[in-house]
Amino acid sequence: MSNIIDTQIPIHEKYGGVVPEIASRNHIEAISRVTKRALEEAKITWEDIDAITPTYGPGLVGALLVGVSYAKALSFAIEKPLVGVNHIQGHIAANYITYPELQPPFICVMMSGGNTQIIMVKNYTEFEVLGKTRDDAIRRSF
């Protein structure tokens with residue numbers, strides 16, 4: 001219903017990669033603003049929300065803590081259930097929004113941050129990692 005992007009690329013470019021502490025601090029600064037803009041763009045209110053679903057990992061621990069902490073507080077404040085989502089599975093599931101005709105089984109190449117995996121998507125809830133990088137994202141090789 002909305003797709004708000006608040007990029008930190010210009011902040012981290014001068015360091016040659018993501019600096020976890022800087023990323024976490026910028027997540028803190030952006031999360032409320034991004035949430036507000038997402039609701040506005042979607043033309044919905046908190047009453048229209050069924051659940052709060054933060055990603056809990058894998059990823060940068062500090063940034064994940066910001067998101068999970070915000071989600072917990074929000075869930076409590078608006079009295080909606082909190083349902084954690086695996087970051088990688090969330091990326092895979094997002095494809096169903098863009099490509100409604102996409103149905104498992106299929107093979108997915110997942111590249112997000114430091115995570116690069118080749119995944120067999122067996123069904124909507126069952127995944128098998130066929131291969132992955134050991135220490136970094138494949139995107140750095142480009």
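Okay, Lys 43 sits in the loop between α2 and β1, where helices (H or I, at least four residues) and strands (E, at least two) are DSSP runs, numbered from the N terminus. Its phi is near 60°, a positive value in a residue other than glycine. Lys 43 is also exposed, at a relative accessible area of 74%. For the cut-offs, buried means under 20% relative accessible area, exposed over 50%, and partly exposed in between, using a 1.4 Å probe and protein chains only.

Before I go on, the ground rules. This is a predicted model, so local features need pLDDT of at least 70 and side-chain atom pairs count only at pLDDT 80 or more, while totals for chains, interfaces and linings use all residues. Residues are numbered from 1 along each chain as its sequence is written, and side-chain values use heavy atoms, with hydrogens and water left out.

Glu 79 is another non-glycine residue with a positive phi, near 55°. You'll find Glu 79 in the loop between α3 and β2 (85–86), and it counts as exposed because its relative accessible area is 70%.

Then there are the cis peptides. One joins Gly 57 and Pro 58, with omega at about -5°. Pro 58 belongs to the loop between β1 (55–57) and α3 (61–78). Another cis bond runs from Pro 104 to Pro 105, and there omega is near 5°. Pro 105 is in the loop between α4 and β3.

Let me zoom out to the whole chain. There are 4 helices and 5 strands, and along the sequence the pattern reads α-α-β-α-β-α-β-β-β. The C-alpha atoms fill a box of roughly 40 × 40 × 25 Å along the principal axes. Out of 142 residues, 28% count as buried. The chain exposes about 9900 Å², with carbon and sulfur atoms supplying 57% of that; the areas come from the Shrake-Rupley method with a 1.4 Å probe, and for residues only the protein chains shown count as cover.

Now contacts, meaning heavy atoms within 4.5 Å. Take those in the chain with a separation of 6 or more: residues 24 or more positions apart account for 46% of them.

And charges. The chain has 13 positive and 15 negative ones, and their mean positions are 6 Å apart. Here Lys and Arg count as positive, Asp and Glu as negative, and His and the chain ends are not counted. Each charge is placed at NZ of Lys, CZ of Arg, CG of Asp or CD of Glu.

On to the sheet. What order do the strands come in? It's an open sheet of 3 strands, β3-β4-β5, with antiparallel pairing. The edge strands are β3 and β5, each pairing on one side only. From one strand to the next, the twist averages 30°. Two strands pair, by the way, if DSSP finds at least two bridges between them.

Strand by strand, then. β3 (residues 106–112) is joined to β4 by 7 bridges, and Phe 106 has Val 121 in β4 as its bridge partner. On the β5 side, 5 bridges link β4 to β5 (residues 127–132), again antiparallel. Val 121 is bridged there to Phe 127, and Gln 117 to Lys 132. β4 and β5 make a hairpin with 5 residues between them.

Is β4 mostly covered or uncovered? Mostly covered: 5 of its 7 residues, 115–121, are buried. As background, side chains in a regular strand alternate between the two faces of the sheet.

Helix α4 (residues 87–98) lies across β3, β4 and β5, running at about 120° to β3. The axes are lines fitted to C-alpha atoms, for helices over the stretch in contact, and angles run from 0 to 180 degrees between N-to-C directions.

Last stop, Ala 23, in helix α2 (residues 20–42). Ala 23 counts as buried because its relative accessibility is 3%. Leaving out residues up to four places away in sequence, Ala 23 touches Gln 8, His 12, Val 18 and Leu 60. Between Ala 23 and Ser 69 there are 15 Å in space, C-alpha to C-alpha, and 46 residues in sequence.
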